[in-house]
Amino acid sequence: MHEAISRQGQIGLYLLEDAILELLYLTRLGSNKAWLNSTDIHHALGLQANSDSHYEIVQAVLNSLYESGRVNRKGSLKKLYWRITDVEYGKRQIGGEN
């Protein structure tokens, strides 16, 4: 039973990461200079804003994607902006693996 729960968690995290990367990819397609903040990303994903903890989930995923080199960030700690990296952008352009 624990393996099934663990697998569900892994799939959920993968899907959330992929949705964020796809959003950043599509945003960059529209304008190479486009950056999104975590609030924009949160709303674009259709997530509810019942509390600050909901925003923290998106922020945690963005930080993980940043640490793995899949997104860039700029700005101050109070107002960060995010964009898909050149490498990740290129993978999605040619239909490579995510």
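Tyr66 has a relative accessibility of 34% and therefore counts as partly exposed, a class lying between buried (under 20% relative accessible area) and exposed (over 50%), computed with a 1.4 Å probe on protein chains only. The structure is a predicted model, in which local features need pLDDT of at least 70 and side-chain atom pairs count only at pLDDT 80 or more, while totals for chains, interfaces and linings use all residues. Residues are numbered from 1 along each chain as its sequence is written, and side-chain values use heavy atoms, with hydrogens and water left out.

Two aromatic pairs were counted. The rule takes the rings of Phe, Tyr and Trp (its six-membered ring) with centres within 6.5 Å; planes under 30 degrees apart count as stacked, over 60 as edge-to-face and the rest as tilted. Tyr25 and Tyr89 form a tilted pair, with 5.2 Å from centre to centre and 45 degrees between the planes. This pair links distant parts of the chain, since Tyr25 belongs to helix 1 and Tyr89 to helix 4 (residues 86-93), 64 residues apart. Helices (H or I, at least four residues) and strands (E, at least two) are DSSP runs, numbered from the N terminus. Tyr25 and Tyr89 are both buried. In the pair of Tyr66 and Trp82, the ring centres are 6.4 Å apart and the planes stand at 75 degrees, so the geometry is edge-to-face. Tyr66 lies in helix 3 and Trp82 in strand 3, so the pair ties together parts that are 16 residues apart in sequence. Trp82 has a relative accessible area of 0% and is therefore buried.

Charged side chains were also found over two of these rings, Tyr89 and Tyr66. The criterion is NZ of Lys or CZ of Arg within 6 Å of the ring centre and within 35 degrees of the ring normal. The charged end of Arg28 sits over the ring of Tyr89, 4.4 Å from its centre. Arg73 lies over the face of Tyr66, at 3.9 Å from the ring centre.

Arg73 also stands opposite Trp82 of strand 3. Strand 2 (residues 71-76) and strand 3 run antiparallel and are joined by six bridges; two strands pair if DSSP finds at least two bridges between them. Strands 2 and 3 form a hairpin with two residues between them. The open sheet consists of three strands in the order 1-3-2, with antiparallel pairing. Its edge strands, strand 1 (36-37) and strand 2, each pair on one side only. Strand 1 pairs with strand 3 in the antiparallel sense over two bridges, and Leu36 has Trp82 as its bridge partner in strand 3.

The largest nonpolar core has 16 residues, of which Ile20, Leu24, Ile41 and Trp82 touch the most other members. Such a core is a set of buried Ala, Val, Leu, Ile, Met, Phe, Trp, Tyr and Cys residues joined through side-chain atoms within 4.5 Å. At least two residues of this core come from each of helix 1 (2-30), helix 3 (52-67) and strand 3 (79-84). Helix 1 supplies the largest share, five residues. With residues up to four places away in sequence not counted, Leu24 touches Leu36, Ile41, Val71, Trp82, Arg83 and Ile84, where contact means heavy atoms within 4.5 Å.

Ser38 is placed in helix 2 (residues 38-44) and is buried, with a relative accessible area of 17%. Apart from neighbours within four places in sequence, Ser38 is in contact with Val58, Gln59, Leu62, Leu80 and Trp82. The side chains of Ser38 and Gln59 make a polar contact at 3.1 Å. A polar contact is a pair of N or O atoms within 3.5 Å; within protein, one must be able to donate a hydrogen and the other to accept it, and residues adjacent in sequence count only if both atoms are side-chain atoms. The C-alpha atoms of Ser38 and Ile57, 19 residues apart along the chain, are separated by 10.0 Å.

Thr27 lies in helix 1, and its side chain reaches the backbone oxygen of Leu23 at 2.8 Å. Thr27 also touches Ala34 and Leu36, residues up to four places away in sequence not being counted. Ser31, in the loop between helix 1 and strand 1, is partly exposed, with a relative accessible area of 32%.
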